[in-house]
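Good morning, and thank you for joining.

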Amino acid sequence: MEIDENKLLVNARNTNRGGKRAIVTSDDRGKTWSDIRYHEDLPDPTCQGSCIRIKDKKGKNILIFSNSADPRKRQNMTVTISYDNGKTWPVKRTVHEGPSAYSCLTVLQDGEIGLFYENGIESPYEKISFVKFPLDWVSGKK
């Protein structure tokens, strides 16, 4: 995803270091890339996640990420926020504690965040749910 004019960020599941998302960045529109970091703030059971960028009222980037935030099982659908272009992800809010898998984030016309995700009681593949929420619900800031 593009996070600034020349800066790109890849936030990927990985099979090499289970339990954490793989992050790589480029400061030159993808000509060169950083070394892979396995991010401590982003637990992951090797499952697809979703990441979007929005601007706050002052024009600063906010990255929003959703995934099954558990290092071993597809469960605990969580929305996580970064205020520093993906270096740290200090703010987390659980959407569904039970089984969950793939997710997709979007910004809705009214400015709220939409989250479409797989989930269930016994299995993460029982149903697909949609929830929407203001950024304040995740961040706790008003």
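Let us begin with Arg29, which is exposed, having a relative accessible area of 55%. The term exposed stands for over 50% relative accessible area, buried for under 20%, and partly exposed for what lies in between, with a 1.4 Å probe and protein chains only. Please bear in mind that this is a predicted model, in which local features need pLDDT of at least 70 and side-chain atom pairs count only at pLDDT 80 or more, while totals for chains, interfaces and linings use all residues. Residues are numbered from 1 along each chain as its sequence is written, and side-chain values use heavy atoms, with hydrogens and water left out.

What does Arg29 form with Glu5? The two form a salt bridge, with 3.9 Å between the closest N and O atoms. By salt bridge I mean a side-chain nitrogen of Lys or Arg within 4 Å of a carboxyl oxygen of Asp or Glu. Arg29 sits in the loop between S2 and S3, and Glu5 in the segment before S1, so the pair links distant parts of the chain, 24 residues apart. Strands here are DSSP runs of E with at least two residues, and helices are runs of H or I with at least four, numbered from the N terminus. Glu5 is exposed as well, at 60% relative accessible area.

I turn now to the strands themselves. Three of them form an open antiparallel sheet in the order S1-S2-S3, where pairing requires that DSSP find at least two bridges between two strands. Strand S1 (8-12) and strand S3 (37-44) are the edges, each pairing on one side only. Strand S2, residues 19-26, is joined to S3 by five bridges, and Ala22 stands opposite Tyr38 in S3.

In total, the structure holds six salt bridges. Another of them joins Lys132 and Asp110, again at 3.3 Å, N to O. Salt bridges with shared partners connect Asp110, Glu112 and Lys132 in one network. Lys132 is partly exposed, at 47%.

Finally, Phe133 is buried, with a relative accessible area of 5%, whereas Trp137 is partly exposed at 28%.
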